[in-house]
Amino acid sequence: METTETPAPIPAEPHVPAGKADAPVGGPPRGKREGAVLNVFSHGMLILWAFMVVMPLLWAVATSFKDDRSIFDSPWSLPDKLHFENWARAWTDANMSDYFLNTVLVVGGSLIGTLVLGSMAAYVLARFDFPGNRFIYYLFIGGMSFPIMLALVPLFYVVNNMGLLNTIHGLILVYIAYSLPFTVFFLTAFFRSLPTSVAEAAFVDGASHSRTFFQIMLPMAKPGLISVGIFNFLGQWNQYMLPTVLNTDPDKRVLTQGLVQLAASQGYKGDWSGLFAGLVMAMLPVLAAYIVFQRQVVQGLTAGALK
């Protein structure tokens, strides 16, 4: 009797998930390893950059609470005692209070004027088509590339002929003109990114152009206004060249002029602790403004770049 042998079943190959067939055995894929190395490198560079930026600020703050002897004997150590009289001396004896008040008036007035005029011009350029629209827009762009140093001499004579030399309001007008090109450039791109359906709905409900701008579009542009306001605040608060040329009255000097005057007087008085105290006074408003509005600054930058 003939018997037939049944062949043994062939074992099935193990199932390999898609995308993992070429994965190396014994470790993560090469792409993940390279990403991890790049991530560590980028974080290391950010930490190094933060250290380079923060340490001088902390050193200046700590030095402002030392006496003159400690500044030279142990410049890198913490103050053994907090000398608050340095700040009081810089605020009163060096007239930093007057310089601070003048700076607040100039920067506050110019910042309000720049944001109001710049937002109105940017809204018109971004939302309305009329002959010369692009030409006017490129004029503002050209104003950003014009060096202010080339305009100092004719600007001095123009301001003098208008009777605005050595005045607070004259300096405010110059600051506004100096800051408008960048403000219009920034806010034009931001207004273009806002939805048009909201403005069209307002027009259908009978709202005028001015009411639509001030009550609807301007509140929607709040992140962009805060962002460009911070940039203008930094530039105007630290401005030195324009007030030096246009504001020679000692009673109307701004904070940057006062710091230069305080630094120049060190050759005769040697009040280095008062100088550092005045320096920190000038830095604190800028740091406080950025810390408070840092989230809005990031939102304004990203919102203006995305549709």
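Trainee: How do you know that the span of H10 agrees with its number of residues?
Mentor: The expected span of a helix is 1.5 Å times one less than its number of residues. H10 has 16 residues, so it should span 22 Å, and its end C-alpha atoms are 21 Å apart, which agrees. Helices here are DSSP runs of H or I with at least four residues, numbered from the N terminus. As for the source, this is a predicted model, in which local features need pLDDT of at least 70 and side-chain atom pairs count only at pLDDT 80 or more, while totals for chains, interfaces and linings use all residues. Residues are numbered from 1 along each chain as its sequence is written, and side-chain values use heavy atoms, with hydrogens and water left out.

Trainee: Why is Thr-183 called buried?
Mentor: Buried means under 20% relative accessible area, taken with a 1.4 Å probe on protein chains only. Thr-183 has 0% relative accessibility, so it counts as buried. Thr-183 is found in helix H7. Buried residues of H10 include Val-228 and Asn-232.

Trainee: Which residues is Thr-183 in contact with, leaving aside its neighbours within four places in sequence?
Mentor: They are Thr-114, Gly-118, Val-228 and Asn-232, where contact means heavy atoms within 4.5 Å.

Trainee: What makes the pair of Thr-183 and Ser-179 a polar contact?
Mentor: A polar contact is a pair of N or O atoms within 3.5 Å, one able to donate a hydrogen and the other to accept it; residues adjacent in sequence count only if both atoms are side-chain atoms. A polar atom of the Thr-183 side chain lies 2.8 Å from the backbone oxygen of Ser-179.

Trainee: What makes a cavity something other than a pocket?
Mentor: On a 1 Å grid over the protein atoms alone, a cavity is a set of points where a 1.4 Å probe fits but cannot get out; a pocket is an open set with protein on both sides within 12 Å along at least five of seven lines. One cavity of 30 Å³ or more is counted. The largest cavity has a volume of about 40 Å³, and the largest pocket holds about 440 Å³.

Trainee: Which helix gives the most to each lining?
Mentor: Lining residues have an atom within 4 Å of a point. H7 gives the most to the largest pocket, with six residues. For the largest cavity H4 gives the most, with three residues.

Conventions: Points joined across faces, edges and corners; volume = space filled by probe spheres on them. Helix = DSSP H or I, 4+ residues; strand = E, 2+ residues; numbered from the N terminus. Buried < 20%, exposed > 50% of the residue type's maximum accessible area, 1.4 Å probe, protein only.
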